[in-house]
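Colleague: Please show the model, and let us then discuss one residue and the overall fold.

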Amino acid sequence: MNINSNSYRHWQLEVNAEGVVWATLDKVGESTNSLSAAVMDELARILDELDSHPPKGLVFRSGKPAGFIAGADIQEFSLVDSAERGIELVARGWQLFNRLAAVSYPTLALVRGHCLGGGLELALACRYLLAVDEPTTRMGLPEVMLGIVPGWGGMLRLPERIGPQAALDMMLTGKTIDAKKARRLGLADDCVPARVMDNAAASLVLAEQPRRRPPMLQRLLNGPFKGLVAAGARKQVAKRARAEHYPAPYAIIDIWARYQGNALAAPELIDNIFRSATARNLVRVFFLQERLKGFGKGTEFRARRVHVVGAGVMGGDIAAWCALRGLSVTLQDQGMERIAPALQRAYAVWRQRVRDARELRNIMDRLIPDPDGHGARHADVVIEAIFENLDAKRELLASLERVMRPEALLATNTSSLKIEDLRGVLTRPARLIGIHFFNPVAKMPLVEVVAAEGSDPEIVQRGNAFVRQIDRLPLPVRSAPGFLVNAVLGPYMLEAMRAVDEGLTPETIDEAMLAFGMPMGPIELIDMVGLDVAMAAGSSLAGAGATPPACLLARFNAGHLGKKVGKGFYDYPNGRPAKGPAGAVPAGLAARLVKPLLERTQQLVSDGIVADADLADAGVIFGTGFAPFTGGPLNYLRNQHA
Ligand code: NAD
């Protein structure tokens, strides 16, 4: 069989001896494959060509080591500025993948590495999906995170393939699954090691094996019982996202349940979604996140060993996280009895997260208790996370510097002490940086990388790279009280407590900010942070003479320190706040509460604590959960005044 393999820029076509065409996507000029208009046009031409000479089979694979296909081209989608262009964009993929799904010859997607969004929709349009069992193989439809819907067939085919509950769970949360889970759910027909993937693909595509049908119950749920499933899904979504802030998840449920997954049948929904401020802002957040990731580049530095001193709330969790991410970690504290609880905590949490017993054991083996601190000598990164005491930290840092390798990174996790005050004891003061994690470490994506006047830029760069290496988002900030995140949260929490002092209930205040779009109300946040921490932060951020709010002082004096003791502004009978009814929220309350946060963010940008407004937005979103659909505090301010 002859194919015209030279007429495509992004695809390479080859035919094997059995007459199977291998279509390899290797997008020109990019390290990652995405389905741009050009790539899709070429795919349409390939299908034209194969229509006239049908092959025995067609296998899609990627020419990129990074993965299969990362999704549609987000740049192109962000240019959608009219209803017609939105519809055109959806139609392009919907029609092409319907055409692919209907071809007469068998088709297979060989999925290795990421296979997301439009990439998974392409794979779903193939008769078979063969997943390669590697840690980087992840499949998902994360469109909802960009405020849009999987309109290229995902809403039709994923529920057909794996049943609507698992499919909606993936589409509504954006979460991804690995190769084994894909096979378990029936998304992948099989999952094989990389060394046999080509042979396995070549034989599966010709196997004439019927696709596994989902069990009867799933077919009923995807048919006559759609309404029930949809109602349940709407309730679940309502717990996390309000429709006025995040229309996309609701649209996904509707398009699946009422329009057979065909977004083109609901043009008004598409227009609402694609041109919404939410989608625009979530795309902005996506690019901000890419920018933060970029800070990890530009150095060869890769850590293998980490030494953490202080096995408390933060140190214990930082160590556990680094071990999870593949680093060898030594954890030092004043005795085994202080270290053991951190190890137990790590085991309890990772056991839930890591199903594979051998992998779990490897992670725990990498987390080594080190009461005598021997690990400091060999580590590439040393992180100090002992309690917040200047003298104790200075003494510790000096002793660490004496034994550390000269090229190793030395960092403090301090929240409120100045790098300048800590580093005076070092022989090389320029080497100390802050690597400021947030609590809980495993949930908070942001890490502030703190440079002081005269810090060595190469070391700061390594700090950024280390943070990336452990899959967190580095935000470079200058040394100043509270850096960015705590500095903006302080005045916001203070204003919330002033409102309590004026007689508003915590419930009303929290409801005002939940309705604004915050993931958690400010009063509940104070309970979570701890009222003792809020007291200390208040005096260090606002000055020792500042009067704390009466509601804070009274609870602090009574020992009601928040969630950790079961009582703060709220009671925590079962780990969750027992809240009464919120009552009517006074007009303008949210605007009043958020104002100090917005003003402080602006101030920190003009003071140069963070380099520019976009980075400040990124930091406040990823460090505090500030309503992502707004695109960040400063973007929100700009839009208010627009
Ligand atoms: P913590 O009180 O839970 O733990 C501190 C640990 O340090 C204790 O286990 C203690 O035994 C140990 N320690 C004290 N002196 C030591 C020494 N000389 N050698 C070895 N171990 C020693 O404290 P934490 O909340 O984990 O805070 C640690 C650091 O992280 C502080 O600098 C804090 O400002 C910062 N931080 C805390 C949070 C938070 O939410 N708790 C968030 C970000 C940063």
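Colleague: In which helix does E42 lie?

Modeller: This is a predicted model, in which local features need pLDDT of at least 70, side-chain atom pairs count only at pLDDT 80 or more, and totals for chains, interfaces and linings use all residues. Residues are numbered from 1 along each chain as its sequence is written, and side-chain values use heavy atoms, with hydrogens and water left out. Helices are DSSP runs of H or I of at least four residues, numbered from the N terminus. E42 lies within residues 37-52, which form helix α1.

Colleague: Leaving aside neighbours within four places in sequence, with which residues is E42 in contact?

Modeller: Contact means heavy atoms within 4.5 Å. Beyond the neighbours within four places in sequence, E42 is in contact with Y8, R9, H10 and W11.

Colleague: What radius of gyration does the protein chain have?

Modeller: The radius is taken over C-alpha atoms, and the globule rule is 2.2 Å times the number of residues to the power 0.38. For 642 residues, a compact globule would have a value near 26 Å. The protein chain agrees with this, at 27 Å.

Colleague: What share of the residues of the protein chain counts as buried?

Modeller: The C-alpha trace spans about 80 × 60 × 45 Å along its principal axes. Of the 642 residues, the buried share is 53%.

Methods: Buried means under 20% relative accessible area, exposed over 50%, partly exposed in between (1.4 Å probe, protein chains only). Helices (H or I, at least four residues) and strands (E, at least two) are DSSP runs, numbered from the N terminus.
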